[in-house]
Amino acid sequence: MSANNFLSEQVFTKNKHNLHNSNANFPREIALILQVDFDSDKVQAALKLQELQLLTESAGAEVAEKIIVNRSVANPKFFIGSGKVEEIKILIAAKNINLLIVNHNLSPAQERNLERELKIRVIDRNALILDIFAQRAATADGRLQVELAQLQHLSTRLVRGWTHLERQKGGIGLRGPGESQLETDRRLLNQRIIFLKQKLAKLSKQRRTQNFSRFDSNKNFAILNVAFIGYTNTGKSTLFNALTKANVYSANQLFATLDTTARRLWLADSQSQAIVADTVGFIRDLPHSLINAFHATLEATCYADVLLHVIDFSSAMKDAEIKAVNEVLQEINNDIGSQIPPQILVFNKIDLAISNERDLQEKLSQNFENIQNVNLDALDPLIPNVYVSAKQKLGLENLKLLLAKFALQKMRKNNKNSENDENADFPREI
């Protein structure tokens with residue numbers, strides 16, 4: 001049996017088992033979550049810790065204790081100070097904690113040192129996000145992408161002691177390839193990584209061909225190609241379902257969906273339509289290995305005519321979340337060599353931010369007027385923001401109206417280009 005086949009059989013068997021029975025075969029993990037505040041910004045540190053709690057609960061663990069540590073620089077041995085390590089030991093004994101999750105990227109040595117000192121498992125932010133992706137990947141393509149990201153993360157930690165993995169069967173940070181790689185060495189691991197990269201490159205090429213084919217067939221019609229983007233848990237899938245009457249899984253949790261889904265949407269004037277694609281959510285400090293692995297999925301954002309950037313209007317961190325999404329988007333487009341399509345900022349959950357019914361209706365009415373008056377054919381058009389509540393189905397017609405304007409603009413441009421092509425076929429009279 002070849003190395004790739006051996007690893008593939010081991011990894012996919014474990015992946016499938018853990019995805020459906022991740023909590024059935026071992027006790028629920030009791031976690032202590034830790035945020036280090038390097039900037040002396042208590043508000044931001046508290047918000048980041050709150051996000052870490054949501055991530056931890058999404059992975060299936062119970063948060064027993066939350067700690068914020070103030071430091072100017074990271075400790076090279078433990079990341080935190082030795083005094084704080086002693087305090088954590090007391091908490092572990094008092095609350096039966098068996099997992100420490102640090103909301104930062106730890107070096108392999110720091111992870112190993114903390115585990116030896118605390119006698120419990122320690123994972124960092126990257127490992128936590130990778131674990132959630134391992135649980136949520138539903139398609140073969142998604143599982144391939146997650147496996148590649150996990151193996152790349154694992155390859156930097158082969159020096160880590162394996163004995164604790166032999167005793168632990170499953171758990172956060174161990175789902176996917178972790179527990180199936182005990183007997184493999186770096187050579188087999190690298191072979192599998194190369195194999196997965198080649199397979200995903202082929203997949204990416206096939207998707208590009210499909211995208212070009214679909215866009216080319218739509219170029220002479222008012223069919224707009226739209227892609228949803230946004231921070232995780234901003235309500236993208238809920239808005240997608242509300243617009244298209246689809247039944248994509250949505251929940252109040254981080255990374256509820258990973259796989260891209262596309263549906264047809266008739267727009268406000270009933271004469272134009274859009275192909276709308278829902279994509280994986282982004283997050284602050286998204287592991288680079290995941291960005292690379294999910295290129296094949298996220299490339300849908302590069303070929304769209306317009307992006308719907310969904311934002312949680314009620315979030316206290318919405319500015320930072322917008323920045324995080326744009327940074328990931330820029331990285332993807334730089335790798336592909338394309339320009340970022342125009343964005344419509346869609347502020348969702350407006351009903352949570354504006355509780356007064358009269359103020360809410362005034363906001364939606366003013367938004368309608370702004371959209372009605374926008375001129376997308378201007379040299380540098382100012383694209384208005386859109387305010388909606390996907391859950392309450394408020395403001396959806398305003399969004400459809402703006403998309404219809406983009407579709408008509410696309411049709412006018414295509415008609416003009418067609419006329420120019422036809423005129424170019426006739427020689428000038430002399």
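User: Where is the place of G395?

Analyst: In this predicted model, G395 lies in the loop between β10 (386–387) and α15 (396–424).

User: Why is G395 called buried?

Analyst: Its relative accessible area is 14%. Buried means under 20%. G395 therefore counts as buried.

User: Which residues is G395 in contact with, leaving aside its neighbours within four places in sequence?

Analyst: G395 contacts L364, V386, Y387 and V388. The cut-off for contact is heavy atoms within 4.5 Å. As for Q361, 34 residues apart from G395 along the chain, the two C-alpha atoms are separated by 9.5 Å.

User: Which residues of α2 meet α5?

Analyst: E51, L52, L55, T56, S58 and A59 do. On the α5 side they meet R125, L128, I129, D131, I132, Q135 and R136. By class, this contact divides into 6 nonpolar, 3 polar and 4 charged residues.

User: Why are α5 and α6 called roughly antiparallel?

Analyst: α5 packs with α6 (residues 140–155) at an angle of about 155°. Angles over 145 count as roughly antiparallel. That is why the pair gets this name. Their axes are 10 Å apart. The crossing of α5 and α6 is left-handed.

User: Which residues make the contact of α5 with α6?

Analyst: From α5 come N126, A127, L130, F133 and A134. From α6 come V146, A149, Q150 and H153. This contact has 6 nonpolar, 3 polar and no charged residues.

User: How many residues has the largest nonpolar core, and which have the most contacts inside it?

Analyst: It has 36 residues. I101 and L128 have the most contacts inside it. The elements that give two or more residues are β1 (30–37), α2, β3 (99–102), α5, β5 (223–230) and α12 (318–336). Of these, α5 gives the most, with 6 residues.

User: What makes a residue such as I101 part of a nonpolar core?

Analyst: A core residue must be buried, and joined to others through side-chain atoms within 4.5 Å. I101 is in the largest core, so I101 meets both conditions.

User: Which residues does the second core include?

Analyst: This separate core of 31 residues includes L224, V276, L399 and L402.

Terms used
Residues numbered from 1 in each chain as written. Predicted model: local features only at pLDDT ≥ 70, side-chain atom pairs only at ≥ 80, totals over all residues. Heavy atoms only, no water. Helix = DSSP H or I, 4+ residues; strand = E, 2+ residues; numbered from the N terminus. Nonpolar A, V, L, I, M, F, W, Y, C, P; charged D, E, K, R; others polar. Axes fitted to C-alpha atoms, helices over the stretch in contact; angles between N-to-C directions. Parallel < 35°, antiparallel > 145°, perpendicular 65-115°, else oblique. Left-handed = near helix turned anticlockwise from the far one by under 90°. Buried < 20%, exposed > 50% of the residue type's maximum accessible area, 1.4 Å probe, protein only.
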